[in-house]
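Me: Hey, I've got a structure open and I'm a bit lost. Could you walk me through it?

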Amino acid sequence: MTQISDVLVVGGGQAGLAAGYHLRRLGVEFTVLDADTAPGGAWQHTWDSLRLFSPAAYSSLPGRIMPGRPGETYPDAGHVVDYLADYEKRYELPVQHGVRAQAVHRDGGRLRVETDAGDWSARAVVSATGTWSRPFLPAVPGRDIFTGRQLHTVAYRRPADFAGRRVVVVGGGNSGAQIAADLALAGIDLTWATQRPPRYLADDIDGRILFDVATARRRALDEGRADSGGVASLGDIVAVPPVRAARAAGLLAARPMFTRLTATGATWADGSHVEADTVIWCTGFRPALAHLAPLGLRGTRGHIPTEGTQAAGEPRLHLLGYGDWTGPASATLIGVGRAARDAARQIARLLST
Ligand code: FAD
């Protein structure tokens with residue numbers, strides 16, 4: 001039997017919850033479907049030592065400030081999970097956990113959403129499925145012949161799992177730097193390989209400034225002014241305390257990217273070789289959009305062209321939270337609120353016509 005909802009939000013992480021908050025405020029009837037069996041989105045799957053790059057109050061969703069913890073400036077992922085679980089409950093958001101959307105189809109004036117728990121029919125869909133379920137691994141020669149263990153950021157938990165191992169961490173972004181720091185501070189034999197020398201943001205720059213910079217860039221582009229380069233122009237790595245500590249201790253020396261993996265390690269262009277048991281690929285993510293494939297909306301670089309959050313080729317579909325292409329800083333806790341508000345307003349207008 002097909003279930004009916006005016007709006008279906010696919011994904012119940014922070015982006016899906018922020019959408020729910022604003023839809024509720026506008027009196028729109030909606031249901032949230034979330035593949036995870038518990039609240040918290042991707043935050044429930046990250047590594048133990050992960051710290052937010054902004055203080056709690058600057059990591060808040062609309063309506064409810066994230067509470068701080070005494071003596072802790074940058075909250076850990078567990079704190080975010082608790083906050084999101086509380087948010088879901090406090091606003092009585094109708095989230096069905098453990099339900100995965102598999103395909104979205106046009107169905108006359110509505111959209112039909114196939115899930116692993118039956119079909120839904122909705123007048124509009126918000127896709128807020130994040131990127132965590134689509135880890136990206138680059139095509140590096142020798143990846144198939146390396147006999148050690150290879151894992152992506154998504155599978156890393158704690159240094160103790162690598163005791164006695166020789167680990168190569170690949171990637172010069174925040175995940176690479178934080179995981180390299182985590183391992184190095186625990187005394188694990190570490191080689192850190194980055195495509196270009198690590199670019200640290202100044203120590204006093206955290207998520208608050210990044211949000212302002214991303215917003216200013218969007219505004220400049222919208223008004224036809226020159227591209228300031230946004231957050232990327234400041235650097236790649238937020239110097240959160242563990243990264244700072246490892247760097248200060250001289251433990252975060254990066255090597256250039258190796259040219260290939262061998263059966264037992266990695267080899268560089270200058271002929272040097274490092275023996276390794278494990279390679280951790282901190283090489284990013286892609287948006288999880290497979291469920292939208294039947295709509296045929298895909299543009300370049302795997303993205304779906306949007307105007308704001310609205311899919312350019314399907315006005316009943318909004319995309320929320322994947323990155324700046326769906327709203328400035330919309331892939332952050334503090335940034336997604338504004339994009340969610342705009343999406344909810346547009347959907348309310350659409351439903352009233
Ligand atoms: P997610 O949290 O991934 O939630 C998506 C939800 O959709 C999940 O619950 C999933 O189960 C569900 N889902 C997926 N596919 C389907 C489907 N087909 N059907 C139904 N449900 C589905 N941001 C900050 O603001 N501050 C930080 O300090 C910060 N640090 C970060 C550190 C790391 C390592 C990473 C990767 C990101 C960080 N971010 C940070 C960015 C961002 O806040 C997170 O990535 C956040 O999890 C994105 O939220 P989301 O709701 O868009 O996606």
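This is a predicted model: local features need pLDDT of at least 70, side-chain atom pairs count only at pLDDT 80 or more; totals for chains, interfaces and linings use all residues.

Me: Which residues belong to domain 1 and which to domain 2?

Reply: The domain assignment gives 3-133 + 286-352 for domain 1, and 149-200 + 236-281 for domain 2.

Me: And how many Å separate their centres?

Reply: The centres of domain 1 and domain 2, taken over C-alpha atoms, are separated by 32 Å.

Me: OK, sheets next. What's the strand order in the open sheet of 5 strands?

Reply: The order is E7-E14-E8-E9-E10, and the pairing is parallel. At the edges you'll find strand E7 (149-152) and strand E10 (254-256), each of which pairs on one side only. On average, neighbouring strands in this sheet are turned by 25° against each other, ignoring direction.

Me: Can we zoom in? How many bridges are there between E8 and E9?

Reply: There are 5 bridges between strand E8 (residues 166-170) and strand E9 (residues 189-194), which pair in the parallel sense. To pick out one spot, valine 168 has threonine 191 in E9 as its bridge partner.

Me: I can see a helix over those strands. Which strands does H3 lie across?

Reply: Helix H3 (residues 174-185) lies across E8, E9 and strand E14 (278-281). H3 runs at about 165° to E9.

Me: So at what angle do H3 and H5 pack?

Reply: H3 and helix H5 (residues 241-248) pack at about 55°, and their axes are 9 Å apart. That angle is why the two helices, H3 and H5, are called oblique to each other. As for handedness, H3 passes H5 in a left-handed crossing.

Me: Which residues meet there?

Reply: On the H3 side there are Ala177, Gln178, Ala181 and Leu185, and they meet Pro242, Val243, Ala245 and Ala246 in H5. Sorted by class, the contact of H3 with H5 has 7 nonpolar residues, 1 polar residue and no charged ones.

Me: Changing topic: what's the order in the open sheet of 3 strands?

Reply: That one goes E11-E12-E13, with antiparallel pairing. Strand E11 (260-261) and strand E13 (273-275) each have a single partner strand, so one side of each has no neighbour in the sheet.

Me: How many bridges join E12 to E13?

Reply: Strand E12 (residues 265-267) is joined to E13 by 3 bridges, and the two run antiparallel.

Me: Nice. Back to helices, then. How do the axes of H1 and H6 cross?

Reply: The axes of helix H1 (residues 14-25) and helix H6 (residues 336-351) come within 8 Å and cross at roughly 50°. H1 and H6 are therefore oblique to each other, and their crossing is right-handed.

Me: And who touches whom?

Reply: From H1, you have Gln14, Ala15, Ala18, Ala19, His22 and Leu23. They meet Val336, Gly337, Ala340, Arg341, Ala344 and Ile347 in H6. The residues of this contact of H1 with H6 divide into 8 nonpolar, 3 polar and 1 charged.

Me: Last one, about H1 and H2. At what angle do their axes cross?

Reply: The axes of H1 and helix H2 (residues 77-90) cross at roughly 25° and come within 11 Å. Angles under 35 degrees count as roughly parallel, so H1 is roughly parallel to H2.

Me: Is that crossing left-handed or right-handed?

Reply: The crossing of H1 and H2 is left-handed. There, Gln14, Leu17, Ala18 and Tyr21 in H1 meet Leu84, Tyr87 and Glu88 in H2. By class, the contact of H1 with H2 divides into 5 nonpolar, 1 polar and 1 charged.

Definitions and conventions:
Residues are numbered from 1 along each chain as its sequence is written. Side-chain values use heavy atoms; hydrogens and water are left out. Two strands pair if DSSP finds at least two bridges between them. Helices (H or I, at least four residues) and strands (E, at least two) are DSSP runs, numbered from the N terminus. Axes are lines fitted to C-alpha atoms, for helices over the stretch in contact, and angles run from 0 to 180 degrees between N-to-C directions. Contact means heavy atoms within 4.5 Å. Angles under 35 degrees count as roughly parallel, over 145 as roughly antiparallel, 65 to 115 as roughly perpendicular and the rest as oblique. A crossing is left-handed if the near helix is turned anticlockwise from the far one by less than a right angle, and right-handed if clockwise. Ala, Val, Leu, Ile, Met, Phe, Trp, Tyr, Cys and Pro count as nonpolar, Asp, Glu, Lys and Arg as charged, and the others, Gly among them, as polar. Domain bounds come from an automatic or database domain assignment.
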